[in-house]
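This briefing concerns the way parts of one protein chain meet. Please look over the sequence and the structure before reading the points below.

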Amino acid sequence: MIVGIDLGTTNSLVGIWRDGAVTLVPNALGHLLSPSAVGLGDDGAILVGLAARERLISHPALTAAAFKRYMGSDRLLFLGEKGFRPEELSALVLRSLKADAEAMLGEAVDEAVITVPAYFNDAQRKATKAAGELAGLRVARLLTEPTAAALAYGLDALEEESTILVVDLGGGTFDVSVLNCFEGVMEVRACAGDSWLGGEDFVDVIVAAFMAGPGAEAGLPPPSEGSVLRAALRRQAELMKRALSDAESATLDLAHDGKTLHWSLTRDGFEKLAEPLLARLRAPIERALRDARVDPDALSQIVLAGGASRMPMFRRLIARLFQRLPVQSINPDEVVARGAAVRAGLAMRDQSLEEVVLTDVAPFTLGVGVAERDADGRRIDGLFMPVIERNTVIPASRIETVSTLEDNQSQISIKVYQGESRLVRDNILLGEFVVTVPRRRAGEESVDIRFTYDTSGLLEVEATVRSNGVRGNLIIEGNPGVLTPEQIKQRLTELAKLKVHPRDQAENAAVVARAKRLYEERLGATRHRIGDWLSDFMAVLNRQDETEIAAARQRLVANLDAVDDNFFL
Ligand code: AMP
């Protein structure tokens, strides 16, 4: 059996082709979406999926997520003391999807079609294949995500040559692709995107508006990175955002300091807050069309993918730009996985579908570390300034300018990073050099930094002091991110040694993690009650009686649902 897998940044799904149709496979919790998160549990066993995602805030040092962003690099992500490569963490996710499919089918699954973003380059594709192998899956084929979305809609079968636009607004990224389909050949003609823009940013605007309004009135402290307040507020804002996709208004309830703050927002209000984000969505769409030399009127279809494409304002923007409605009959969370399952079905029936892939793009964002002053003049260090963004067609050359930040500053240090995070400490340092600038007042001296990146992965960074033309440069050679077959073999033995939390206990692990998260988020009597429920449940778990555990779990879930309404995946 060949399965189709959407290995996503936030969530992953697996589907199969059976009796002429796609069936998506539920995980051990009965959900179709499995969070792409991996963590180390309290007993030292590896947790995958929802249980791991629930522990992201309470145990950040033991949990990893969004590792897809680092595929193809040699960056290590740590679960406690132990470092894992992104393909190893992906392999753990794939392994759990494989087990879900095997549990449903009652037979072994050893082959898969796995989807990758259209802009994934050679190193990133190789890493995805390696992840499959590490999970015990032969990778029958890698399929690009926009092609998968088009396949899910059966657009490969169109009679005439057609051009399709796929717009995918996920949790953290926005990808636009132009496809050409003709006689069973699907070609990605162009792709563009914004690796810094997704559903999460729409949550941020709700959080900011709440903090500026009722939060400030109630004297809430700033919700700092990693704080429980921030996590709780973001969850509530996420719920509000989702509710506003279906309703004209929604309320946000936040428990803080023994009180609950209530705030309501209308859909109109949300759309006003999100206007700057919507404006940013336009540029990549226009760029993809321009790069593919396609006129908007010449598009046969517009396909939406990604959970955040459910927002009515997004759909309206697309409808307005193209003067027509996009196709949206398939759930946008599922569309890529469904396409992967269709492709798996074709492979099993030995029918071919040719895909022309595009690989000459920059795999990661490349940029420099900078410092800034905030509105109050405080200096913030360690920020990342992108110069060549991921997804840029290469070879490419771009210039950004930085200025001195202190009076009499005599040097500007240029630190070159690769990665997608706003903070340089979460990106990979590729190299650094220093240029000397004349001592003047802050902001009066500046340096042009030119990045030139070519198809062989060679990056040249050149800095020129504007006032006197003095230059410095650095050449960085790339591709550290590809594992050799010997390394894969060795990693396989390492992975085999890991103790993985048993699948039949996944539900218990997920509900315990959720209870612990709620315990941290809530205060007072509610917190006390959650603590009691948790102790009771742990005692039942210890007795190891399956029937008793199932009944107790059901009670605990019902209790948690009562304090955490609208729990979402
Ligand atoms: P994906 O990466 O495709 O799984 O998309 C995840 C993103 O979709 C997250 O930012 C979610 O908040 C967002 N999302 C899911 N459901 C909805 C909804 N009903 N309305 C708005 N955004 C949603």
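The points below describe the domains of the chain and the interface between two of them.

The model is predicted. Its chain is assigned three stretches of interest: domain 1 (2-197 + 277-361), domain 2 (366-476) and domain 3 (503-563).

**Placement and contact**
- The centres of domain 1 and domain 2, taken over C-alpha atoms, lie 33 Å apart.
- To the contact between them, domain 1 contributes 15 residues and domain 2 contributes 17 residues.

**Buried area**
- The size of an interface is often expressed as the accessible area lost when the parts come together.
- Between domain 1 and domain 2, about 1,400 Å² is buried, and 50% of this lies on carbon and sulfur atoms.
- On the domain 1 side, the residues that lose the most area to domain 2 are Arg75, Trp196 and Val361, which together account for 38% of what that side buries.

**Polar and charged links**
- The interface of domain 1 and domain 2 holds 1 salt bridge under the rule applied.
- A salt bridge joins Arg390 to Asp175, with 3.2 Å between the closest N and O atoms.
- Across this interface of domain 1 and domain 2 there are also 5 residue pairs in polar contact, with both residues at pLDDT 80 or more.

**Make-up of the domain 1 side**
- Strand E14 (residues 185-194) supplies the largest share of the side of domain 1 that touches domain 2, namely 3 residues.
- By type, the residues of that side comprise 6 nonpolar, 4 polar and 5 charged.

How values were computed:
Residues are numbered from 1 along each chain as its sequence is written. This is a predicted model: local features need pLDDT of at least 70, side-chain atom pairs count only at pLDDT 80 or more; totals for chains, interfaces and linings use all residues. Side-chain values use heavy atoms; hydrogens and water are left out. Domain bounds come from an automatic or database domain assignment. Contact means heavy atoms within 4.5 Å. Buried area is the accessible area (1.4 Å probe) that two parts lose on being put together, summed over both. A salt bridge is a side-chain nitrogen of Lys or Arg within 4 Å of a carboxyl oxygen of Asp or Glu. A polar contact is a pair of N or O atoms within 3.5 Å; within protein, one must be able to donate a hydrogen and the other to accept it, and residues adjacent in sequence count only if both atoms are side-chain atoms. Helices (H or I, at least four residues) and strands (E, at least two) are DSSP runs, numbered from the N terminus. Ala, Val, Leu, Ile, Met, Phe, Trp, Tyr, Cys and Pro count as nonpolar, Asp, Glu, Lys and Arg as charged, and the others, Gly among them, as polar.
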